[in-house]
Amino acid sequence: MSKCKLFMKRHWSVLVVVLLALVLGLAAAYELHSRRPNAQAVSGEITNWGLSFQQEGQPPIANADAAYLAQFDSVYCMPAQEKILYLTFDAGFENGSTEKILDALKKHQVKATFFLVGNYFETQPDLVRRMVEEGHTVGNHTYSHPDMSAIGDKASFQAELEKNEALYRQVVGKEMPKFYRPPQGKFCESNLKMAQELGYRTIFWSLAYVDWYENDQPTPQQAYDKLLPRVHPGAVVLLHSTSKTNGDILDELLTKWEELGYRFGDLAKDLQ
């Protein structure tokens, strides 16, 4: 009997164990690798909303997936096979760009959602009324724009939203729609639960770009380079109305999206 066969005969059981361990190890590694691109469930710890764009024209992978968010009446991308976009704007203050944005939306017959902070209601009631009168939805971006994920008690969380609700009633004369966007995208599971218990839908986003630095605005081309290739069916687009670039390009940007075959949905209506 050759040395090789003799070795195999003597150590067969050991080799089987080693081989089985190797197979199990590879299977575990594959499962871990296959999960890595997918969104993970969110713990109670502070979490920054994040997106990873894997393929042009396809929704990005978020750090909390649609099924997880749905438990808390929350969305970041609308389920859609057809080419439809949902425009949302965050506004902490006014610097002269909102009227241009509203003009462009009116021209293209687009209904957007504006997430406003308390300062905006207090200083720009006419613009708030115009948003509502022209069919846009005004959502809650909290009163003072804090890191909401650092707020652990429901009373404080609720106060940030209810202050805006009172201002909305004062300015518009109606009850505020129950749409909430966490400032800076900072959230945790307890936040999602508290918002849900207060009757709110938490709205994240699946398409945005760095447009919020007032003194370091992107060029129109830089904006197009981010917003055109990454557009995808069901996209919830986040833009800041404080961006001069957005005010300058929105009419053309909407035209470019339309030329790509997209139409614009109304988030409030489609989430009913």
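1. A pocket is an open set of points, on a 1 Å grid over the protein atoms alone, where a 1.4 Å probe fits, with protein on both sides within 12 Å along at least five of seven lines; lining residues have an atom within 4 Å of a point. This is a predicted model, in which local features need pLDDT of at least 70, side-chain atom pairs count only at pLDDT 80 or more, and totals for chains, interfaces and linings use all residues. Residues are numbered from 1 along each chain as its sequence is written, and side-chain values use heavy atoms, with hydrogens and water left out.

2. The lining of the largest pocket comprises 28 residues, and Y209, D211, W212, L238 and H240 are those nearest the pocket's centre. Helix α8 supplies the largest share of this lining, 3 residues (helices are DSSP runs of H or I, at least four residues; strands are runs of E, at least two; both are numbered from the N terminus).

3. The largest nonpolar core contains 40 residues, with L87, L105 and W257 having the most contacts inside it. Such a core is a set of buried Ala, Val, Leu, Ile, Met, Phe, Trp, Tyr and Cys residues joined through side-chain atoms within 4.5 Å; buried means under 20% relative accessible area, with a 1.4 Å probe and protein chains only. Helix α9 (residues 244-259) gives the most to this core, 5 residues.

4. Strand β5 contains D90. D90 is buried, its relative accessible area being 5%. Beyond neighbours within four places in sequence, the contacts (heavy atoms within 4.5 Å) of D90 include H141, R181 and H240.

Notes: Buried means under 20% relative accessible area, exposed over 50%, partly exposed in between (1.4 Å probe, protein chains only).
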